[in-house]
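This report describes the fold of one protein chain. Look through the sequence and the model before reading on.

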Amino acid sequence: MIRKLIPVLLVATLSACANTGAPRSSSSASSSSASSPAASDSTSGATYGSSSAPSGSARKTCDASALQSQIGQKATESVTEDLRSRSGATKVRILRPGQLVTMEYNDTRLNLIVDDKDVMTAIRCG
């Protein structure tokens, strides 16, 4: 039982360390010209390695609200690309059961949560 809790506790600890509440300076690797509207979300944190837009330009943010009707569909490569373009996201991440993932919030990434048969159970941005 304790072996199952160790990764959860580790992620929670790292997430708490990353969310200190202090704003990031513009000299960090994840600089942006304006704070995102999702920055007040409880799951928000630092964004690292955003290579999609150069510093100082307007970043496209993801919007998954129009994609919720696609839940229950199999996440094939063509469906994934279609959902990415419709959401305005620059990246897509497929999250499978039991997979360890980073907890940083990326407002330009679409997350497709799938079951063990690659059927989408949730579609979120971040």
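Which residue in β3 is the bridge partner of L110? The answer comes with the description of the sheet below.

## Overall make-up

The model is a predicted one. Its secondary structure consists of two helices and three strands. Along the sequence these elements follow the pattern α-α-β-β-β.

The protein has 126 residues, and 28% of them count as buried, that is, under 20% relative accessible area. Its accessible surface comes to about 8,200 Å². Carbon and sulfur atoms hold 57% of that surface.

## The sheet

The three strands form an open sheet in the order β1-β2-β3, and the pairing is mixed. The edges are taken by β1 (91-95) and β3 (120-125); each has a single partner strand, so one side of each is left without a neighbour in the sheet. On average, neighbouring strands of this sheet are turned by 20° against each other, direction ignored.

Strands of a sheet pair through backbone hydrogen bonds, and this pairing is either parallel or antiparallel. Strand β2, residues 109-114, pairs with β3 in the antiparallel sense, over five bridges. The opening question can now be settled: C125 in β3 is the bridge partner of L110.

## Helix and sheet together

Helix α2 covers residues 77-87 and lies across β1, β2 and β3. The helix runs at about 140° to β2.

Contacts can also be sorted by distance along the sequence. Among contacts in the protein with a separation of 6 or more, 50% are between residues 24 or more positions apart.

Methods
Residues are numbered from 1 along each chain as its sequence is written. This is a predicted model: local features need pLDDT of at least 70, side-chain atom pairs count only at pLDDT 80 or more; totals for chains, interfaces and linings use all residues. Side-chain values use heavy atoms; hydrogens and water are left out. Helices (H or I, at least four residues) and strands (E, at least two) are DSSP runs, numbered from the N terminus. Buried means under 20% relative accessible area, exposed over 50%, partly exposed in between (1.4 Å probe, protein chains only). Contact means heavy atoms within 4.5 Å. Accessible areas come from the Shrake-Rupley method with a 1.4 Å probe; for residues, only the protein chains shown count as cover. Two strands pair if DSSP finds at least two bridges between them. Axes are lines fitted to C-alpha atoms, for helices over the stretch in contact, and angles run from 0 to 180 degrees between N-to-C directions.
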